[in-house]
Amino acid sequence: MRFEGSDQYVATPDLMLAVNAAIALKRPLLVKGEPGTGKTMLAEEVATALGLPLLQWHIKSTTKAQQGLYEYDAVSRLRDSQLGDEKVKDIHNYIVKGTLWQAFTAEQPVALLIDEIDKADIEFPNDLLRELDRMEFYVYETRELVRAKHRPLVFITSNNEKELPDAFLRRCFFHYIKFPDAETMKKIVAVHFPDLKRELLTAAMKNFYDIRGLPGLKKKPSTSELLDWLKLLMAEDIPPSALATGEDKVAIPPLVGALLKNEQDLTLFEKLVFMQKHNR
């Protein structure tokens, strides 16, 4: 299996190299980068390009590693026993298979996405070390060993909210998705909006990168926010002239709420525009 990119996802050569390195090493691909740089979409597009079913496990702050393996529903079994239900005699009826179990026992190779692993408790990655390394785990309630029929292609994403343990990092192939430069961004935009007028794209890109370059921003606008903004500009038929900046015009672009997502950053931008106007 080799990933050569796709029509729906603009993958840089170093990103394709990282995916193929993880495949060759049979290790999880740990992908970091700013929110909105396409980490989750990468798993979806690689799975589609390679013809693999994709199983997704989206991590929350309350997620435990055990949930990815299985959960024993003791409460339901107790209730059914009180009602005299015959199925209580078979404990398998109360074992809920997690995403890892489903990936391990799939009849064909699958891609597995463990999304935003840094949201969970710090011990979460360590609790999955053995399972991801050996591709097996033990079910104590049924006394059975679940072993992977096929090694899944594992993608793990992180937004760097927490540092991941060294022991976990050693078992992964790591890639950091850099924020796209202007040329790469134009290719990404072209995938989503092939009919976008060049004048509007040029003006919007200048505004976008100018805003991203502001020092002190709490949250820089991401690729996904640029795409949302362009969609709104097209829907509202905003002319390129409304985005233009020049010697006699420095203004807040229309629909800037698609790019700046908190009052601190908006206030900072408004102050900058005000200062530039009065310095002319």
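**Entry 1: rings**

I started with the aromatic rings and found Y70, W101, F104 and F137 joined into a cluster by ring pairs. A note to myself before going on: this is a predicted model. I then asked how many aromatic pairs there are by the rule I was using. The count comes to nine.

I picked W57 and F124 to look at next. How far apart are the ring centres of W57 and F124, and at what angle are the planes? I got 5.4 Å centre to centre and 55° between the planes, and this pair goes down as tilted. The label made sense once I checked the limits, because planes under 30 degrees apart count as stacked, over 60 as edge-to-face and the rest as tilted.

Where do these two sit along the chain? W57 is in strand β2 (residues 54-58) and F124 is in helix α6 (residues 124-127). They are 67 residues apart, and the pair links distant parts of the chain. I also looked up their accessibility and wrote down that W57 and F124 are both buried.

Next I went back to two members of the cluster. Y70 and F137 make a stacked pair, with 6.3 Å between the centres and 20° between the planes. Y70 belongs to strand β3 (residues 70-72) and F137 to strand β6 (residues 136-139), so this pair ties together parts of the chain that are 67 residues apart in sequence. Buried or exposed, I wondered about Y70 and F137? Y70 is buried, and F137 is buried as well.

**Entry 2: a charge over a ring**

I had one more ring to check. R212 lies over the face of F179, and I noted 3.4 Å from the ring centre. R212 turned up again when I looked at the helices, as helix α10 covers residues 198-212.

**Entry 3: salt bridges**

How many salt bridges does the rule give? It gives 12.

I looked at E136 and R147 to begin with. Their side chains meet in a salt bridge of 3.1 Å, taken from N to O. E136 is in strand β6 and R147 is in strand β7 (residues 144-147). The two are 11 residues apart, and the pair is listed as linking distant parts of the chain. Then I compared the surroundings of each partner. E136 has a relative accessible area of 13%, so I filed E136 as buried. R147 comes out at 52% relative accessibility, so R147 counts as exposed.

K219 forms a salt bridge with E225, and the closest N and O atoms are 2.8 Å apart. The side chains of E225 and K261 also meet in a salt bridge, at 3.7 Å from N to O. E225 lies in helix α11 (residues 223-235) and K261 in the loop between α11 and α12 (263-278), so the pair ties together parts 36 residues apart in sequence.

K219 is at 30%, so K219 counts as partly exposed. K261 is at 45%, so K261 is partly exposed too.

**Entry 4: N207**

I found N207 in helix α10 (residues 198-212). N207 is at 8% relative accessibility, so I put N207 down as buried. Leaving out residues up to four places away in sequence, N207 touches W229, L243 and P253.

**Entry 5: the largest pocket**

The largest pocket has a volume of about 570 Å³. How many residues line the largest pocket, and which lie nearest its centre? The lining has 31 residues, and Y9, G36, T37, G38 and K39 lie nearest the centre.

I then listed the elements that each supply at least two lining residues: α1 (13-25), α2 (39-50), β9 (173-177), α9 (182-192) and α11. Which one gives the most? It is α9, with four residues.

Terms used: Residues are numbered from 1 along each chain as its sequence is written. This is a predicted model: local features need pLDDT of at least 70, side-chain atom pairs count only at pLDDT 80 or more; totals for chains, interfaces and linings use all residues. Side-chain values use heavy atoms; hydrogens and water are left out. Rings of Phe, Tyr and Trp (its six-membered ring) pair if their centres lie within 6.5 Å; planes under 30 degrees apart count as stacked, over 60 as edge-to-face and the rest as tilted. Buried means under 20% relative accessible area, exposed over 50%, partly exposed in between (1.4 Å probe, protein chains only). A charge sits over a ring if NZ of Lys or CZ of Arg is within 6 Å of the ring centre and within 35 degrees of the ring normal. A salt bridge is a side-chain nitrogen of Lys or Arg within 4 Å of a carboxyl oxygen of Asp or Glu. Contact means heavy atoms within 4.5 Å. On a 1 Å grid over the protein atoms alone, a cavity is a set of points where a 1.4 Å probe fits but cannot get out, and a pocket is an open set with protein on both sides within 12 Å along at least five of seven lines; lining residues have an atom within 4 Å of a point. Grid points are joined across faces, edges and corners, and a volume is the space filled by probe spheres set on the points.
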